[in-house]
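I opened a notebook on this model and went through it topic by topic. The entries below follow the order in which I looked things up.

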Amino acid sequence: ASGVQAVSNFRPVASASIYYKYARNGVVWDMSCGYGGRLLGAMASGSVAKYIGTDPCFETYEGLREMEADFCDLSDMKVEINECGSENFVPGEPVDLCFTSPPYFDTEKYDAEPTQSYIKFPSKDAWLNGFLRTTIINCRSCLKDDGLLMLNIANVKTYQNLETDTLRVAFQEGFKIEDILLLRLSSIMGGFKYEPIFIFKKR
């Protein structure tokens, strides 16, 4: 339908390139798995020893497990999928890279389950602190000292300063910005739309 933003899949080719450069043949945590674009990219990159994923949606979780089964013979990568939100999870082992594209507050609605972050945290402040901040804290607790946190997140109509708030919260929780990548999205009026991927390291 026109005038609304559909839930989109992170391009596997883009995620494979990111994993190839930044995963260092280590353990990665995808905090908001979504439809599996980053899972496929991790498999294709050849640079991920283990992919840990979290997503609270039951149907998405089931789909990710099916995807894992379909492609397990094509990759030696270990896969661990957890049916829960990233605000309620910390990997049980040191992680080299935390990389995801979280739902942009209430812009991408994957389901109407009460576990969805936009339902659990219905206001911007509640979502920022209850979901995003807690996720960032969980990332810091599991990341190795030289590990990276990478977030693809952008301003949207219902949260027009989401990028600034993300940078502020990450700094408050002990991260410093290392670099910003630009992820190219769809073509618009002969040009392209870009979204940032913020790269953080522990301070």
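**Cysteines**

I began with Cys33, which counts as buried at 2% relative accessibility. My cut-offs: buried is under 20% relative accessible area, exposed is over 50%, and partly exposed lies in between, with a 1.4 Å probe and protein chains only. The model is predicted, so I noted its limits: local features need pLDDT of at least 70, side-chain atom pairs count only at pLDDT 80 or more, and totals for chains, interfaces and linings use all residues. Residues are numbered from 1 along each chain as its sequence is written, and side-chain values use heavy atoms, with hydrogens and water left out.

Next I asked which cysteine sulfur is closest to that of Cys33. It belongs to Cys84, 9.4 Å away, which is too far for a bond. Cys84 is buried too, at 19% relative accessibility. I then searched the whole structure for disulfides (cysteine sulfur atoms within 2.5 Å of each other). The search gave zero.

**Layout of the chain**

I counted six helices and seven strands in the protein chain. These are DSSP runs numbered from the N terminus: helices are H or I with at least four residues, strands are E with at least two. From the N terminus, I read the order as α-β-α-β-α-β-β-α-α-β-α-β-β. Of the 203 residues, 53% count as buried.

I looked at helix α1 (residues 12–22) for buried positions. They are Ala14, Ser15, Ala16, Ile18, Tyr19 and Tyr22. After α1 comes Arg24, with a positive phi near 60 degrees.

How many of the seven residues of β2 (residues 48–54) are buried? I found six, so the strand is largely enclosed by the rest of the structure.

I checked pairing next, which requires at least two DSSP bridges between two strands. β1 (residues 26–30) pairs with β2 in the parallel sense, over five bridges. Gly26 has Val48 in β2 as its bridge partner. Between β1 and β2 the chain passes through helix α2 (residues 37–45), and this β-α-β crossover is right-handed. My test for hand: with the strands pointing away from the viewer, the path from the first strand over the helix to the second runs clockwise.

On to β3 (residues 78–82): β2 and β3 run parallel, joined by five bridges. Tyr51 has Val79 in β3 as its bridge partner. From β2 the chain crosses through helix α3 (residues 58–71) to β3, and this β-α-β crossover is right-handed.

**Salt bridges**

My rule here was a side-chain nitrogen of Lys or Arg within 4 Å of a carboxyl oxygen of Asp or Glu. The count came to ten. I followed up three of them.

Asp96 and Arg24 meet at 3.6 Å, N to O. Asp96 lies in strand β4 (residues 95–100) and Arg24 in the loop between α1 and β1, so the pair ties together parts 72 residues apart in sequence. Asp96 is buried at 8% relative accessible area, whereas Arg24 is partly exposed at 40%. I also traced a network of salt bridges that links Arg24, Asp96, Lys144 and Asp146.

Glu93 and Lys50 meet at 2.6 Å, N to O. Glu93 is in the loop between β3 and β4 and Lys50 in strand β2, 43 residues apart. Glu93 is partly exposed at 27%, and Lys50 is buried at 17%.

Arg133 and Glu173 meet at 2.7 Å, N to O. Arg133 sits in helix α5 (residues 124–142) and Glu173 in the loop between α6 and β6, so this pair ties together parts 40 residues apart in sequence. Arg133 is buried at 14%, while Glu173 is partly exposed at 21%.

**Nonpolar surface patch**

Last, I looked for patches: residues with over 30% relative accessible area and no salt bridge, like charges joined within 9 Å, nonpolar side chains (Val, Leu, Ile, Met, Phe, Trp, Tyr) within 5 Å. Leu167, Ile177, Ile180, Leu182, Phe192 and Tyr194 form a nonpolar one, with about 570 Å² of accessible area together. The elements giving two or more residues are β6 (175–188) and β7 (191–202). β6 gives the most, with three. Areas come from the Shrake-Rupley method with a 1.4 Å probe; for residues, only the protein chains shown count as cover.

I placed Leu167 in helix α6 (residues 162–172). Leu167 is partly exposed, at 31% relative accessibility.
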